[in-house]
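Here is a short briefing on one protein chain. Keep the structure open beside the text and find each residue as it is named.

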Amino acid sequence: MKIIVRPNNIFGRVGCALCGESFEAGEVLAWACDDDADGGMESFGYVCMDCIAAGEAGIKQRVKEWANRVQAEATKAAKFADEVAAERIEVPSAAAVKIELDRFHVHRWGMTREQWEAENPTVSALGDELPF
Ligand SMILES: [Zn+2]
């Protein structure tokens, strides 16, 4: 692997291919590259300046720490998935979500009953519940 630094034309937050951290792309951006089949270099991601500052040994440590974090998260997610699989889940209906949205519009933006009825000509589809 080789890390190269080039003038940057990518702005905004990007993820580091070596440590997994999100960082703001600066005026220069580092790229992690491997040799490609044609003897050139092929980039496989951006590199943050903390990794650059860490040097070769520090980068190896940061990659390992990222792998450990991801592994811990995967273990936690798998445990949660097992717990969820064993539970009943009560899910609100689309109508229940809609009535909460309408309540928000009524109370936050002062939507009148006339405006609401104009947007909801099939009130019976929502049952008897109204957002007022
Ligand atoms: Zn990094």
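Start at Met-41: leaving aside neighbours within four places in sequence, Met-41 is in contact with Lys-2, Cys-33, Asp-35 and Asp-36. Met-41 is found in strand E5. The model is predicted.

**Met-41 and its surroundings**

- Is Met-41 buried, exposed or partly exposed? Met-41 counts as partly exposed, because it has 14 C-beta neighbours inside 10 Å. A buried residue needs 20 or more, and an exposed one has 12 or fewer.
- Met-41 is also the bridge partner, in E5, of Asp-35.
- Now look along the chain to Val-84, 43 residues from Met-41. The C-alpha atoms of Met-41 and Val-84 are separated by 45 Å.

**The paired strands**

- Strand E4 covers residues 28–35. Strand E5 covers residues 41–47.
- E4 and E5 run antiparallel, and six bridges join them.
- E4 and E5 form a hairpin with five residues between the strands. In this hairpin, Gly-39 takes a positive phi near 85 degrees.
- E4 also pairs with strand E1, residues 2–7. That pairing is antiparallel too, over six bridges.
- Which residue in E4 is the bridge partner of Lys-2? The partner is Cys-33. Both Lys-2 and Cys-33 are among the contacts of Met-41.

**Helix H1**

- Ala-53 lies in helix H1, which runs over residues 49–85.
- The cut-off for exposed is 12 or fewer.
- Ala-53 and Met-1 are 52 residues apart along the chain. Their C-alpha atoms are separated by 16 Å.
- H1 is hardly covered: two of its 37 residues are buried.
- How far does H1 span between its end C-alpha atoms? H1 spans only 42 Å, whereas a straight helix of 37 residues would span 54 Å.
- H1 also has a kink of about 125 degrees, centred on Gly-55.

**Cys-16**

- Cys-16 lies in the loop between strand E2 (13–15) and strand E3 (22–24).
- Why does Cys-16 count as buried? Cys-16 has 22 C-beta neighbours inside 10 Å, and the cut-off for buried is 20 or more.
- Leaving aside neighbours within four places in sequence, the contacts of Cys-16 include Phe-23, Tyr-46, Cys-48 and Cys-51. Glu-21 and Val-47 are also in contact with Cys-16.
- Cys-16 and Glu-27 are eleven residues apart in sequence. From C-alpha to C-alpha, they are 16 Å apart in space.

**The whole chain**

- The chain has three helices and five strands. From the N terminus on, the order is β-β-β-β-β-α-α-α.
- The chain is divided into domain 1 (2–85) and domain 2 (94–126). The centres of the two domains are separated by 46 Å.
- The radius of gyration of the chain is 26 Å. A compact globule of 132 residues would have one near 14 Å.
- The C-alpha atoms fill a box of roughly 70 × 40 × 30 Å, taken along the principal axes.
- Of the 132 residues, 9% count as buried.
- Take the contacts between residues at least 6 apart in sequence: 50% of them join residues at least 24 apart.

Notes. Residues numbered from 1 in each chain as written. Predicted model: local features only at pLDDT ≥ 70, side-chain atom pairs only at ≥ 80, totals over all residues. Helix = DSSP H or I, 4+ residues; strand = E, 2+ residues; numbered from the N terminus. Rg over C-alpha atoms; globule rule 2.2 N^0.38 Å. Contact = placed C-beta atoms within 7 Å. Domains from an automatic or database assignment. Pairing = 2+ DSSP bridges. Expected span 1.5 Å × (residues − 1). Bend = angle between axes of the 7 residues up to and from the residue.
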